[in-house]
Amino acid sequence: MISALKWGALIGLGAYAFVNIGLTLLAGALFGQGVPDVNNPGLFSALCLGIFALLFLFSAAGYFTGRDTLRAGLGAVAGMVALVVYAALKALYTPGSSAGATPAPKTTAPALPLAAQIMSVVVSDVLLLAIAALMGWLGGRPGEQRARKRLAASASHTASSAAEHL
């Protein structure tokens with residue numbers, strides 16, 4: 001479990017630095033500030049690249065955890081930890097955004113009841129955690145397999161070396 005927490009935290013921190021800071025600043029420098037939509041395809045492409053990078057990084061957290069622990073299931077935990085660390089850091093600071101700088105648009109639709117608002121937040125968070133867990137588990141499987149092969153190879157090498165010395 002320590003390995004899952006370690007790799008999840010490290011990958012989450014790296015994801016924040018690479019995707020949230022690096023990619024956001026690079027996209028802003030190349031394509032200007034604005035809303036990523038069809039009118040600004042460069043920002044939209046950078047947003048898509050960031051999503052795929054996050055999925056890859058959650059899988060990498062699972063891979064390293066599976067390699068260390070020989071348990072692919074802990075890769076799922078590492079993916080979720082990486083998401084939580086990334087989201088917490090992103091909530092603290094995102095380049096180019098300032099809280100309260102632009103007023104919320106006026107809507108004519110009635111506000112949802114509080115219970116519906118809470119349920120929508122819970123369901124969306126659970127879905128995100130499930131995706132991160134799935135990617136971590138998918139990364140943990142090859143990490144576990146590779147570590148088992150490495151251990152088997154080193155055990156057979158050790159056995160052959162011991163037989164030669166007899």
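Visitor: At 22% relative accessibility, how does Leu70 count?

Guide: Leu70 counts as partly exposed, since its relative accessibility is 22% and the buried class ends under 20%. Keep in mind that we are reading a predicted model.

Visitor: Where does Leu70 sit, and what is its phi?

Guide: Leu70 belongs to the loop between H2 and H3. Its phi is positive, about 60°, although Leu70 is not a glycine. That residue comes just after H2. There is another positive phi to look at just after H1, where Gly32 has a value of about 80°.

Visitor: What should I know about confidence in the protein chain?

Guide: The average pLDDT is 85, and 88% of the residues score at least 70. By helix, the mean is highest in H3 (residues 73-92), at 93, and lowest in H4 (residues 114-165), at 87.

Visitor: How far apart are the end C-alpha atoms of H1, and what span should its 30 residues have?

Guide: H1 (residues 2-31) should span 44 Å, and its end C-alpha atoms are 41 Å apart, which agrees. H1 also bends by about 30° at Leu23. In H2, 29 residues reach 42 Å from first C-alpha to last, close to the expected 42 Å.

Visitor: Which residues touch the most other members of the largest nonpolar core?

Guide: In soluble globular proteins, nonpolar side chains tend to be buried together. Here the largest nonpolar core has 16 residues, and Val19, Leu54, Phe58 and Tyr86 touch the most other members. The elements giving two or more residues to this core are H1, H2 and H3. Take Phe58 as a case: beyond four places in sequence, Phe58 touches Gly79, Ala82, Leu83, Ala132, Met135 and Gly136.

Visitor: What is Tyr16 in contact with, leaving aside its neighbours within four places in sequence?

Guide: Tyr16 is found in helix H1 and counts as buried because its relative accessibility is 12%. With those neighbours set aside, Tyr16 is in contact with Ile21, Tyr86, Leu89, Lys90 and Tyr93. The C-alpha atoms of Tyr16 and Leu83 are separated by 9.6 Å, although the two are 67 residues apart along the chain.

Visitor: And in H2, is Thr65 buried or exposed?

Guide: Thr65, in helix H2 (residues 41-69), is buried, because its relative accessibility is 0%. Past its neighbours within four places, Thr65 is in contact with Ser3, Ala4, Trp7, Leu70, Leu74, Gly75 and Ala78. Compare Leu55, which also lies in H2: Leu55 is partly exposed, with a relative accessible area of 25%. Its contacts beyond four places in sequence are Ile131 and Met135. Between Leu55 and Ala132 the C-alpha distance is 7.2 Å, across 77 residues of sequence.

Visitor: How many aromatic pairs does the structure hold?

Guide: The structure holds two aromatic pairs. One of them joins Tyr63 and Phe64, whose ring centres are 5.6 Å apart with planes at 75°, so the pair is edge-to-face. A pair of aromatic rings is described by the distance of the centres and the angle of the planes. Trp7, Tyr63 and Phe64 form one aromatic cluster. Tyr63 is partly exposed at 21% relative accessibility, and Phe64 is partly exposed at 23%.

Key. Residues are numbered from 1 along each chain as its sequence is written. Side-chain values use heavy atoms; hydrogens and water are left out. Helices (H or I, at least four residues) and strands (E, at least two) are DSSP runs, numbered from the N terminus. Buried means under 20% relative accessible area, exposed over 50%, partly exposed in between (1.4 Å probe, protein chains only). Contact means heavy atoms within 4.5 Å. The expected span of a helix is 1.5 Å times one less than its number of residues. The bend at a residue is the angle between axes fitted to the seven residues ending there and the seven starting there. Rings of Phe, Tyr and Trp (its six-membered ring) pair if their centres lie within 6.5 Å; planes under 30 degrees apart count as stacked, over 60 as edge-to-face and the rest as tilted. pLDDT is the predictor's confidence in each residue, from 0 to 100. A nonpolar core is a set of buried Ala, Val, Leu, Ile, Met, Phe, Trp, Tyr and Cys residues joined through side-chain atoms within 4.5 Å.
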